[in-house]
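Notebook open, structure loaded. I want to go through the fold and a few side chains and jot down what I find.

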Amino acid sequence: MATYVITGAASGIGAATDQLLTSAGHTVIGVDLANTDVVADLSTPEGRSAAVAAVTEVSDGVVHGLVCCAGLGPLSHAPGGTLVAVNYFGAVEFATGLRPALERAEGASVVVISSSSTTTQPGISEHLVAACLDGDEARALELGNEATAIPAYPASKLALAWWVRREAVRAEWIGRKIRLNAVAPGMIDTPMTNGPDLDPALAKALDFYPVPLGRRGRPEEIAAVVEFLVGPGSTLLCGSVVFADGGTDALLRQQDWPAAWTPTPEDLTRHFQSRT
């Protein structure tokens, strides 16, 4: 049996994943603001460092899988900067801090929760995404506060997906036998989309979100995808972003992906250099 760490384990997708992995006999260490094994605030560098230290101690320094579910939604009352701090930096910095414990497992897996809004919501701030990927948290939080939560949400999730694509193939991760992948859920029935603190008008507008499947997803359906990605059946997946959205991305972006590659000379040089 394996030891897994789940952030955002107190509710929603995190709680469903915790229950699924625990029922399979694994040891699960939950991280959240309350009611979990490790209580920590991932919106701050200090909170992330404290969470890494606590998880490392509880796990005896060996973690087979990490699932980053902690996040704030687009209808959150939190400022856009706080949303970026949790959704992007809370996942990236925590995963990076936990890398030594993941490496000791000699075949670990990290799964982050992105979003189908990354490909279906227009107007995503390129500057905010770039600030995240550059690791400039101060600038990213500033831009997030200017954008507010609704546009900041897909930007934080797009940056997270691109971080996975960029980092997964690097020696710091796959070279240490740690696989990085992402799940991009669509409209999932969680407190993020139906909680009592949401603005009723905005929450009602979510009913018009196009889902060919004809219903919202359930947290346990995303948990099942996560279980596969951290398990032995997915060992060939590295840098993948798996859309689990009931068909929304396929409906709106039918011929955008897979995208044919037209490499520049610089692309070819970089490609061959990476193989030498």
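My entries below go from the sheet to the helices on it, then to rings and one threonine.

I'm working with a predicted model. I looked up the strand order first: 7 strands make an open sheet, ordered 3-2-1-4-5-6-7, with parallel pairing. For Val31 I noted Val38 in strand 3 as the bridge partner.

How many aromatic pairs does the structure hold? I find 2. Tyr88 and Phe89 pair edge-to-face, 4.9 Å centre to centre with 85° between the planes. Both Tyr88 and Phe89 are buried. Trp163 and Trp173 also form an edge-to-face pair, at 5.8 Å centre to centre and 80° between the planes. Trp163 belongs to helix 8 (residues 149-167) and Trp173 to the loop between helix 8 and strand 6 (178-185), so this pair ties together parts that are 10 residues apart in sequence.

Are these tryptophans buried or exposed? Trp163 has 4% relative accessibility, so I put it down as buried. Trp173 is at 1%, so it counts as buried as well. While on Trp173 I spotted Arg99: its charged end sits over the Trp173 ring, 4.8 Å from the ring centre.

I found Thr120 in helix 5 (residues 117-120). Its relative accessible area is 18%, and because the cut-off for buried is under 20%, Thr120 goes down as buried. What does its side chain reach? A polar atom of the Thr120 side chain lies 2.9 Å from the backbone oxygen of Ser116. The Thr120 side chain also makes a polar contact with the side chain of Tyr209, at 3.1 Å. Setting aside neighbours within four places in sequence, I list Tyr209, Thr248, Asp249 and Leu252 as the contacts of Thr120.

Note on methods: Residues are numbered from 1 along each chain as its sequence is written. This is a predicted model: local features need pLDDT of at least 70, side-chain atom pairs count only at pLDDT 80 or more; totals for chains, interfaces and linings use all residues. Side-chain values use heavy atoms; hydrogens and water are left out. Rings of Phe, Tyr and Trp (its six-membered ring) pair if their centres lie within 6.5 Å; planes under 30 degrees apart count as stacked, over 60 as edge-to-face and the rest as tilted. Buried means under 20% relative accessible area, exposed over 50%, partly exposed in between (1.4 Å probe, protein chains only). Helices (H or I, at least four residues) and strands (E, at least two) are DSSP runs, numbered from the N terminus. A charge sits over a ring if NZ of Lys or CZ of Arg is within 6 Å of the ring centre and within 35 degrees of the ring normal. Two strands pair if DSSP finds at least two bridges between them. A polar contact is a pair of N or O atoms within 3.5 Å; within protein, one must be able to donate a hydrogen and the other to accept it, and residues adjacent in sequence count only if both atoms are side-chain atoms. Contact means heavy atoms within 4.5 Å.
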